[in-house]
Every structure is written in C-alpha cells, then in structure tokens.
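I wanted to get to know this structure from the inside out. These are my notes on what I looked up.

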Amino acid sequence: MQTLRRKDILGLEEMSAEEITLILETARSMREIIQRPIKKVPALRGRSMINLFYEPSTRTKASFELAQKYMSSDPISVGGSSSSLVKGETLKDTVRNLEMMNIDCVVMRHPVSGSAHYLARNVEISVINAGDGMHEHPTQGLLDMFTILDKKGRLEELKVVIVGDIRHSRVARSNIWGLKKMGAQVLVSGPPTLMPPDLEVFGVEYCPRVEEAVEGADVVMALRLQKERQEGGLFPTLREYAELYGLSSESAARAKDDALIMHPGPINRGIEITSELADGPRSVVLEQVTAGVAVRMAILYLLLGGAKEE
Ligand code: CP
C-alpha cells in the first residue's frame, strides 16, 4: 500500500509534485466509492479524529466529516465557540488534552497563519491544515487541481488566472504553490492593494487588468473578498470593485472558449463573480465541492490508512 511519508498535511509549498500526484490519483479511486449507493469502506476503521474549527466553514468541515465517515473512522467535531478556548485554554493545551484520548489525527481550521505548523510541532498525532489564516488551505488547492485535471486531462502548461483578493487568500497561496509544482503557468489579477507585498516569492506574473490577464486562459478562478482579514481602504466601494475586478461574461470573454470558471466558495454573487458566470456552462464550482470529499478521503487514507499497527 502506498502512503504519504509524512506526519502532517500543512501546506503545498512543502509538498513534492510526486506527493501531489499520488493524492490526485488516489482521489480518483475515492470518487468511485462516493458514487456507489452504499458509500462505506473499512479503510480507517478504528481510527479516531477530531475536527477543530475555530473559523466558520460549510464545505471543508462537511466534506472532512463525510470523508471520515465514508471510510469508517470515528470523527467528532468541536467548534471554536463551544470549546474551552473561550475559557482561556491555549491551542497547545487543547490539542495535547485531546491527544491523551488516543486520537489519531486532528483536522484544524484556525484564523492565525502558521497555527497548523505550530500545532504539528507540539503534538505527536497527525495534523491536517483545513485553512490557517492567510497562509494555506492545502486540501482546497488539491481539490482545485483534481477538478482541473479531471476536466482538462493535464495540469502542465495550462494557463491558470487567479483573480481578486490574493493578498488575504490562503486558497490562492495553496493553488499557486501546487499548480506551479505541477507545471502550470499561474497569473494573478486584481487591485494592487490586494496583492501580497512579497508577490515575487511566489514566482507568478501579475496583470492588474482582468480582461488582459485572462487572454487565452485555460482556467479562470475568482476568489472571495476576505473581508474578515482586510483592514479598511483597500478599494473604494464594493460596486467599483465588482465593476473593475468582478468576473463576468464580458471580463472573462478573452479566455479560451472552453476555459473552466472556478471559485472555492462561499461566493459573494455580483461582487467577485456574476451569477451568470458562476452558474453558466463553463462553471465547475459545484464539481469542486464534489472533488473535496474524494480528495479529503485520499489524504486521510494516505496519511493514516497504514499508519498504525493492528
Ligand atoms: N472553500 C472553503 O474553504 O469553503 P468553507 O469555508 O465553506 O469551508
């Protein structure tokens, strides 16, 4: 059985192209399982996991729980506001206490960049990063690559344009690291105030005008404005942002005719993308959600499937 030779999944910056390929190939098999009438395999029977979500989530939390249940593991989910964090307990103490219940893995979403790495250094169990601040959202990057690969048959040499709030987006960072490792050309677009100050470290081109950026694109990905992480004054008004940087049939017109339109969700309709485009024939937004379950099953299987002696 193939496994990932690592304890944790923290980000795609540190993952090799071989590891990404293994996860994407395994996710294909997992997708077959979730298409069956009875979606249950014993691969993770007896493995216990805790999902710790200190920020809101619909897609990531639900798909991790489904993935865990489809693979017969025993997950429980703890929300930030219902945990002892609100009584002043530290993250390290919280997870070290949970670790003493003999769990195998913690899946964590947290508002602080680097929190998943910090936790992984301080506990022996596996840590899966379900989004840490502005840093990374590796399982989202993997499910986006899975969706593109499924539709286009390859990732190498595709032109992928990511539009919007790159600066505050962990989705953008994970996609950039992952897609570049897999040989895609990545270009970013949006207002200069929403670009990371250290954009050059990512090795991507920046084109401020969306209409020019999407010229000949194979994939156009819109990002949510991360208002919860923004300080004020980064763009004049939402209406002007939508006019200048929102994706619409007009602004995406110069992409290839068969270009995929993507968005990680949740969507602010009419701001970063029009409903016409998000619900149109080129949109794979809902396929991304389906891919999320398969990819998270693959990660859990590769990380934990053979990890513990019977
Ligand atoms: N894409 C994503 O992470 O969505 P949620 O915040 O709903 O999990």
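My entries below go from the ground rules to the sheet, the cores and a few single residues.

**Ground rules.** I am working with a predicted model, where local features need pLDDT of at least 70 and side-chain atom pairs count only at pLDDT 80 or more, while totals for chains, interfaces and linings use all residues. I number residues from 1 along each chain as its sequence is written, and side-chain values use heavy atoms, with hydrogens and water left out.

**Sheet.** I began with an open sheet of four strands, which runs β2-β1-β3-β4 with parallel pairing. Helices (H or I, at least four residues) and strands (E, at least two) are DSSP runs numbered from the N terminus, and two strands pair if DSSP finds at least two bridges between them. I found β2 (74–79) and β4 (126–132) at the edges; each has a single partner strand, so one side of each has no neighbour in the sheet. Neighbouring strands are turned by 15 degrees against each other on average, direction ignored. For such angles, axes are lines fitted to C-alpha atoms, for helices over the stretch in contact, and the values run from 0 to 180 degrees between N-to-C directions.

Next I looked at β1 (residues 48–53) and β3 (residues 105–110), a parallel pair with five bridges. Met49 has Cys105 as its bridge partner in β3. I also saw α10 packing on the sheet, where this helix touches β1, β3 and β4, and its direction makes about 155 degrees with that of β4. Contact means heavy atoms within 4.5 Å.

**Cores.** Which residues touch the most other members of the largest nonpolar core? I got Ile128, Leu142, Met145, Ile162 and Met297, out of 64 residues. Helix α10 (residues 285–304) gives the most to this core, with eleven residues. A second, separate core has 25 residues, including Leu194 and Cys207. A nonpolar core is a set of buried Ala, Val, Leu, Ile, Met, Phe, Trp, Tyr and Cys residues joined through side-chain atoms within 4.5 Å. Buried means under 20% relative accessible area, exposed over 50%, partly exposed in between (1.4 Å probe, protein chains only).

**Leu155.** This one sits in the loop between α5 (138–152) and β5 (159–163). Is Leu155 buried or exposed? Leu155 is buried, at 2% relative accessibility. Beyond four places in sequence, Leu155 touches Leu24, Met145 and Leu179, among others.

**Cysteines.** Cys105 is buried at 0%, and Cys207 also counts as buried, at 14%. I found zero disulfides (cysteine sulfur atoms within 2.5 Å) in the whole structure.
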